[in-house]
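Hello,

Here is the structure you asked to look at. Please open it first, then read the notes below alongside it.

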Amino acid sequence: MSNSLKQVEKQLAAIEQSSQALANELQHTFLNYLKCLGSAVKKQLILASYYLCTQGYPEAFLSLSFKERQELQSAIRQNALNAIRDLSILLNLTLRFQADLANRIELDDMEDDLEDDLEDDLDDDLDDDLDDDLDDDIDDDLEDDLDYLEDFLDETESEAELEAEKEIDPRTLSLNLPGVEPLEAGVLLKTPHRVSQWHKTLEQGIQEILRTVSRKTNKDLQSYKILPKNLPEIPDILLGIGLKNSRFPEPTGNLPNLANVTIEIGDDSESGKPRSREQKSLETMSLLKIYLRLSDIEFADPLLMARRNQIRELSHRLDNLLKEYEKKQQERMIAEAEDAWRSSWFED
């Protein structure tokens with residue numbers, strides 16, 4: 001190994017140590033952040049539900065009996081508690097996924113090495129001066145082993161891909177995993193790439209938990225006839241637009257975590273005739289829905305915003321480490337190529 005390659009290897013190792021230390025900082029910061037976020041989500045969900053029922057749809061809420069109001073309020077509180085629970089396990093759950101992913105990659109590497117060893121054995125045995133019968137026996141046995149191993153590798157790879165798709169999907173991150181032992185990010189995540197992947201998965205998980213609690217609360221509001229039933233699922237992007245273009249009167253229109261969308265009822269194809277602008281306006285309805293947004297929740301809580309600023313600072317440091325790591329990886333590849341050139345070159 002050349003001196004330049006050794007130097008690059010040392011630099012890569014130093015970056016990996018820095019990324020592991022940064023992973024531990026991120027884990028500690030996110031632990032405090034998620035605890036604070038759970039409390040803030042509960043407050044904002046209850047506040048948004050209060051204004052939706054009392055100022056968005058007061059008539060529908062007043063039509064409920066006292067018992068029904070209590071039941072609806074209990075369901076909203078339970079949704080908030082479920083979100084707090086999911087946020088509390090999200091950190092460990094995403095780290096558990098990273099551990100499983102690392103184990104699968106390590107297993108794949110071991111299986112690749114085993115396959116290469118068996119192929120080498122096959123080549124060596126076929127070169128021996130054995131009689132034809134013995135050659136055939138060895139050939140058959142080793143080919144059977146290789147065929148079996150290839151089938152096993154294909155099956156393992158397919159299962160790993162399916163599991164990876166299932167695990168990486170942030171919609172699965174709100175599953176409760178009781179009894180899971182805590183993991184240390186710095187021990188588990190060895191490179192900036194792994195730390196960055198974990199961070200992205202964690203952020204996606206937070207967003208999915210907010211979407212889940214929003215959808216569940218809206219369904220509860222529908223079941224108690226606060227919101228109309230049998231409405232189509234509204235994409236988040238439209239809900240986000242609705243936050244900026246609410247037609248509801250103040251203060252509801254400017255409240256955080258509520259979205260207003262206009263839904264057109266009916267279809268031109270039903271009558272076969274185009275409708276006028278006046279007819280269309282008569283067949284649309286403005287709908288107010290719960291739509292928890294992380295930016296709104298953080299803005300309303302100074303402590304949570306401070307935690308988010310800490311995460312942003314760590315994320316910026318991680319980006320710098322990642323760029324430096326990729327640069328050094330390229331330098332290592334060049335140094336390895338130079339060594340390979342020198343090792344095979346000879347003068348005529």
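The aromatic pairs come to three, where rings of Phe, Tyr and Trp (its six-membered ring) pair if their centres lie within 6.5 Å, with planes under 30 degrees apart called stacked, over 60 edge-to-face and the rest tilted. One of them joins F30 and Y33, an edge-to-face pair with 5.9 Å from centre to centre and 90° between the planes. Both residues belong to helix α1 (residues 3–56), three residues apart, or about one turn of the helix. Helices here are DSSP runs of H or I with at least four residues, strands are runs of E with at least two, and both are numbered from the N terminus. F30 is buried because its relative accessibility is 0%, and Y33 is buried as well, with a relative accessible area of 0%. Buried means under 20% relative accessible area, exposed means over 50%, and partly exposed lies in between (1.4 Å probe, protein chains only).

The rings of Y50 and Y51 also form an edge-to-face pair, because their centres are 5.1 Å apart and their planes stand at 75°. Y50 is partly exposed, at 48% relative accessible area.

Before going on, note that this is a predicted model: local features need pLDDT of at least 70, side-chain atom pairs count only at pLDDT 80 or more, and totals for chains, interfaces and linings use all residues. Residues are numbered from 1 along each chain as its sequence is written, and side-chain values use heavy atoms, leaving out hydrogens and water.

Another ring has a charge over it: the charged end of R69 sits over F61, 5.6 Å from the ring centre. The rule asks for NZ of Lys or CZ of Arg within 6 Å of the ring centre and within 35 degrees of the ring normal.

Now to K328, in helix α11 (residues 302–344). Is K328 buried or exposed? K328 is buried, with a relative accessible area of 12%. Leaving aside residues up to four places away in sequence, K328 touches V8, Q11, L12 and I15, a contact being heavy atoms within 4.5 Å.

Of its 348 residues, 39% are buried.

Regards
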